[in-house]
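Colleague: I have a two-chain model open and would like to learn how to read it. Could we go through it together, one feature at a time?

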Amino acid sequence: MKYVSIAVGGMLGAVLRFWVGIALYQPHAPFPFPTLVINLIGSFILGWFVVQGSQLIRNRTLVLGVQTGFLGSFTTFSAFSIELILLMDQGLYAIAIQYFLISTIMGIGAVLLGMKCGSVLLGKEGAEQ
Amino acid sequence: MIITTIAVAAGGAFGALVRYMVSERLNSDFPWGTFFVNMIGSFLLGLYITIGGPDVLNSMYAAGFLGALTTFSTLQFELVTLYKKDKRKVLYYLVLTYTLGLTAAWTGYLIAAKI
């Protein structure tokens, strides 16, 4: 059952990434920001989900489907790597360095912010009960 | 568009499953599983991007399978959790992932350019 959950989550994550990628794509943008936006949003939601979302669902199979399946597939490392290589191949080193630093620093920041939001919301809910 | 979406979905389901199975076996106190799928995925995308192929196959394989096989969110989350446990390991994980990930994509890209 957990394999079905992960496969369905992975399917939805990949399709959503594909659609968001098309929606955000701008042919003349010097910066591959669809992948950046997707990766940062996915990292933020993962941080929140681990702290609060998984507590709300509680079903381990469904948690795996959302966390490993959906969020894991929605974000991508391979596109990030190849975009950096393509930027460097075009001689756009300054943009490549910016893209790298923004992705890596804000990626960690997004997870931390998501976790923080999760714990604040959890605490608030606890106080209301 | 419908066929392309189905192709991405099929590749995504398969990519997520392979990532989970590899991570289940290799992730221990160091996330070797995530590391491994990210390296392989970057290499294969580098290899594939210059060769290309029919659009539907492209969607299934590159956007669907390789996109889902590799993950950015889990990597960031593992960096955060590893930092709390072992600060030296987090440095290894960070440096290894980014240097070898880029090297893998670049190697694939160069090999494909030579073919």
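Modeller: Gladly! Let's begin with the fold of chain A, which comes to 5 helices and 0 strands. Helices (H or I, at least four residues) and strands (E, at least two) are DSSP runs, numbered from the N terminus. Read from the N terminus on, the elements of chain A run α-α-α-α-α.

Colleague: Before we go on, what should I keep in mind about the model and its numbering?

Modeller: This is a predicted model, in which local features need pLDDT of at least 70 and side-chain atom pairs count only at pLDDT 80 or more, while totals for chains, interfaces and linings use all residues. Residues are numbered from 1 along each chain as its sequence is written, chains are lettered from A and ligands numbered from 1 in the order in which they are written, and side-chain values use heavy atoms, with hydrogens and water left out.

Colleague: What box do the C-alpha atoms of chain A fill, and what share of its residues is buried?

Modeller: Along the principal axes, the C-alpha atoms of chain A fill a box of roughly 55 × 35 × 20 Å. For burial, the general idea is a scale of relative accessible area: buried is under 20%, exposed is over 50%, and partly exposed is in between (1.4 Å probe, protein chains only). In chain A, buried residues make up 46% of the 129 residues. The chain exposes about 6500 Å², and carbon and sulfur atoms supply 71% of that area. Accessible areas come from the Shrake-Rupley method with a 1.4 Å probe; for residues, only the protein chains shown count as cover.

Colleague: How do I read contacts within chain A?

Modeller: A contact means heavy atoms within 4.5 Å. Among the contacts in chain A with a separation of 6 or more, 74% are between residues 24 or more positions apart. Take A:Leu36, found in helix H2 (residues 33–57) of chain A. At 11% relative accessibility, A:Leu36 counts as buried. Not counting residues up to four places away in sequence, A:Leu36 touches A:Phe31, A:Tyr99, A:Ile102 and A:Ser103. A:Leu36 and A:Ser103 are 67 residues apart in sequence, yet 6.3 Å apart in space, C-alpha to C-alpha.

Colleague: Now the interface. How many residues of each chain are in contact, and what area is buried?

Modeller: On the chain B side 44 residues are in contact with 43 residues of chain A. Buried area is the accessible area (1.4 Å probe) that two parts lose on being put together, summed over both. Between chain B and chain A that area is about 3500 Å², of which carbon and sulfur atoms give 76%. In chain B, the residues that lose the most area to chain A are B:Tyr20, B:Phe72 and B:Phe77, together 20% of what that side buries.

Colleague: What about polar contacts between the chains?

Modeller: A polar contact is a pair of N or O atoms within 3.5 Å; within protein, one must be able to donate a hydrogen and the other to accept it, and residues adjacent in sequence count only if both atoms are side-chain atoms. Between chain B and chain A, 19 residue pairs are in polar contact (both at pLDDT 80 or more). Helices H1 (2–26), H2 (32–51), H3 (55–69), H4 (73–85) and H5 (87–114) of chain B each supply at least two residues of the side that touches chain A. The largest share of that side, 12 residues, comes from H1(B).

Colleague: Could you show me a residue of chain B at this interface?

Modeller: Look at B:Thr70, in the loop between H3 and H4 of chain B. B:Thr70 is buried, with a relative accessible area of 0%. Its side chain reaches the backbone nitrogen of A:Phe77 at 3.2 Å. Leaving aside neighbours within four places in sequence, B:Thr70 has contacts including A:Gly72, A:Ser78, B:Arg19 and B:Asn38.

Colleague: And how many salt bridges are there between the chains?

Modeller: A salt bridge is a side-chain nitrogen of Lys or Arg within 4 Å of a carboxyl oxygen of Asp or Glu. The count between chain B and chain A is 1, and over all chains it comes to 4. The side chains of A:Lys2 and B:Glu24 meet in a salt bridge (2.9 Å, N to O). A:Lys2 is partly exposed at 28% relative accessibility, and B:Glu24 is partly exposed at 36%. B:Glu24 also meets B:Arg25 in a salt bridge (3.8 Å, N to O), and A:Lys2, B:Glu24 and B:Arg25 are linked in a network of salt bridges.
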